[in-house]
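User: Hi, I'm new to reading protein models. Can you walk me through this one?

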Amino acid sequence: MKPKNSFRKCLLCLRISPQKVLEYAHKLYDDPEIAHKVGILAQRIIREAYLRNSPQTCGKKPNSLIASALYISGIMLGNRRTQREIGEVCRVVEPSIRKNYKLILDVLDFETLKNLKSEFLRELGLKTQKNEDDLTIIK
């Protein structure tokens, strides 16, 4: 059984609003269409990490998780931004992005990320590439 404090922290993690993720994505990318795609995929990455109910994600600062999810989704969609650029927009330091980036990759395995990307592209009506080079960078 989890102690009450960790349960309270998990409830705080769920307070990341989708609008905040999209707001940061639009500040990061000039093209609104790309920003929307990256933001939506980042939302799904965050949601999937929380659905795994991992104690690793509980109690983390929302901005650092958003920044890491934006970094991952940018890589997955081929619209990479540097950790410094993302950190300036989300007001997070680069080591925090790296730490939470690794944490999210530990919680979500490679297959889950690949499935998230293919489902997302299918919803957009785009075909997934047979060559998954952008995901091998993450691995």
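Predicted model: local features only at pLDDT ≥ 70, side-chain atom pairs only at ≥ 80, totals over all residues.

Analyst: From the N terminus on, the elements run α-α-α-α-α-α-α-α. That is eight helices and zero strands. Helices (H or I, at least four residues) and strands (E, at least two) are DSSP runs, numbered from the N terminus.

User: How much of the chain is buried?

Analyst: Buried residues make up 46% of the 139 residues. Buried means under 20% relative accessible area, exposed over 50%, and partly exposed in between (1.4 Å probe, protein chains only).

User: Which residues touch the most other members of the largest nonpolar core?

Analyst: I45, L70, I72 and L113, out of 39 residues in that core. Two or more residues each come from helix 2 (18-28), helix 3 (32-51), helix 4 (62-76), helix 5, helix 6 (94-107) and helix 7 (110-124). A nonpolar core is a set of buried Ala, Val, Leu, Ile, Met, Phe, Trp, Tyr and Cys residues joined through side-chain atoms within 4.5 Å.

User: What does I45 touch?

Analyst: Leaving aside neighbours within four places in sequence, I45 is in contact with A69, I72, S73, M76, I104, L108, L113 and L116. Contact means heavy atoms within 4.5 Å.

User: Switching to packing. At what angle do helix 4 and helix 6 cross?

Analyst: Roughly 70°, and their axes come within 8 Å. Axes are lines fitted to C-alpha atoms, for helices over the stretch in contact, and angles run from 0 to 180 degrees between N-to-C directions. Helix 4 and helix 6 are therefore roughly perpendicular to each other. The cut-offs: under 35 degrees is roughly parallel, over 145 roughly antiparallel, 65 to 115 roughly perpendicular, and the rest oblique.

User: Which residues meet there?

Analyst: From helix 4, S64, L65, A67, S68, A69, Y71, I72 and I75. They meet S96, I97, N100, Y101, I104 and L105 in helix 6.

User: And how do helix 4 and helix 5 cross?

Analyst: At roughly 145°, with axes that come within 10 Å. N63, A67, L70 and Y71 of helix 4 make the contact with Q83, I86 and C90 of helix 5.

User: Tell me about Q83. Is Q83 buried or exposed?

Analyst: Q83 is buried, with a relative accessible area of 13%. Q83 lies in helix 5 (residues 83-90). The Q83 side chain makes a polar contact with the side chain of R98 (2.9 Å). A polar contact is a pair of N or O atoms within 3.5 Å; within protein, one must be able to donate a hydrogen and the other to accept it, and residues adjacent in sequence count only if both atoms are side-chain atoms.

User: What about L28, buried or exposed?

Analyst: L28, in helix 2, counts as buried at 9% relative accessibility. The C-alpha atoms of L28 and R81 are separated by 8.2 Å, though these residues are 53 residues apart along the chain. Beyond four places in sequence, L28 is in contact with R81, E85, I86 and V89.

User: Last one. Where is R91 found?

Analyst: In the loop between helix 5 and helix 6. R91 is exposed, with a relative accessible area of 62%. Phi of R91 is near 60°, a positive value in a residue other than glycine. Most residues other than glycine have a negative phi.

Methods: Residues numbered from 1 in each chain as written. Heavy atoms only, no water.
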